[in-house]
Amino acid sequence: MRRFACLLLLFCCTLARAELPETDWLELMPPEDRKALEEMPDISHDTPEAEGNFGQQGGLKQQDRNLPAVMYSAKTVAALDGKTIHIGGYPVPLETDAKGRSTLFFLVPYPGACIHVPPPPPNQIVLVRYPRGIPLDDIYAPLWVDGTLRVEQVSNDLADAAYALDAASVRLVEEGDL
């Protein structure tokens, strides 16, 4: 019996350490938005949105409504509210602690969002709260973020987001992850 209890404990510990399956960014869009995205024509990068800079006020916000409506969508997937997820993306730092670690940042699906390409729609921007903080020396370095996702409209001077995530862990993507 003691041996069985040890095996059961070992099995449970292994399950607890198992990594969550990756959440795809498209899962954050309701089906009608995914369909509209699939049917969308190529985006010209010669638009007012492409001229922004994520560091400027409103840098991640869609400025003019020159793109298809799906590029401005804040529609969410209610079933994701309160779900623990594992998602990869790129940081847009917002706040740091006294040691210079980012404690609040937007996570976006592609690097350089809004620098050379139109910014993602609000349902493709996640506000990440990570009180432990992480040094973010390179916004082009992808991150893995694990935590509880909330359907939460967030608006600040830089961007509008349709989700917020209370992160349990944040780490840089390593070569072995690929």
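Contact here means that heavy atoms lie within 4.5 Å. The model shown is predicted.

**View 1. Contacts of V145.** Leaving aside neighbours within four places in sequence, V145 is in contact with I85, H86, I87, F105, L107, V128, L165, A167, S169 and V170.

**View 2. The largest nonpolar core.** This core has 20 residues, and F105, L107, V126 and V145 touch the most other members. Two or more of its residues come from each of the strands β1 (84–96), β2 (102–108), β3 (126–134), β4 (143–155) and β5 (160–172). The most come from β5, which gives five residues. Another core, of twelve residues, lies apart from this one and includes F106, I125, V154 and A159.

**View 3. The salt bridge between K75 and D33.** Side chains of opposite charge can pair when their charged atoms come close. The whole structure holds six salt bridges. In one of them, the side chains of K75 and D33 meet at 4.0 Å, N to O. K75 lies in the loop between α2 (31–38) and β1, and D33 in helix α2, so the bridge ties together parts that are 42 residues apart in sequence. K75 is partly exposed, at 44% relative accessible area, whereas D33 is buried, at 4%.

**View 4. The salt bridge between D97 and R101.** The two side chains meet at 2.8 Å, N to O. D97 is partly exposed, with a relative accessible area of 21%, and R101 is partly exposed at 26%.

**View 5. The salt bridge between D177 and R171.** The closest N and O atoms of D177 and R171 are 2.8 Å apart. D177 is partly exposed, at 30% relative accessibility, and R171 is partly exposed at 29%.

Technical notes: Residues are numbered from 1 along each chain as its sequence is written. This is a predicted model: local features need pLDDT of at least 70, side-chain atom pairs count only at pLDDT 80 or more; totals for chains, interfaces and linings use all residues. Side-chain values use heavy atoms; hydrogens and water are left out. A nonpolar core is a set of buried Ala, Val, Leu, Ile, Met, Phe, Trp, Tyr and Cys residues joined through side-chain atoms within 4.5 Å. Buried means under 20% relative accessible area, exposed over 50%, partly exposed in between (1.4 Å probe, protein chains only). Helices (H or I, at least four residues) and strands (E, at least two) are DSSP runs, numbered from the N terminus.
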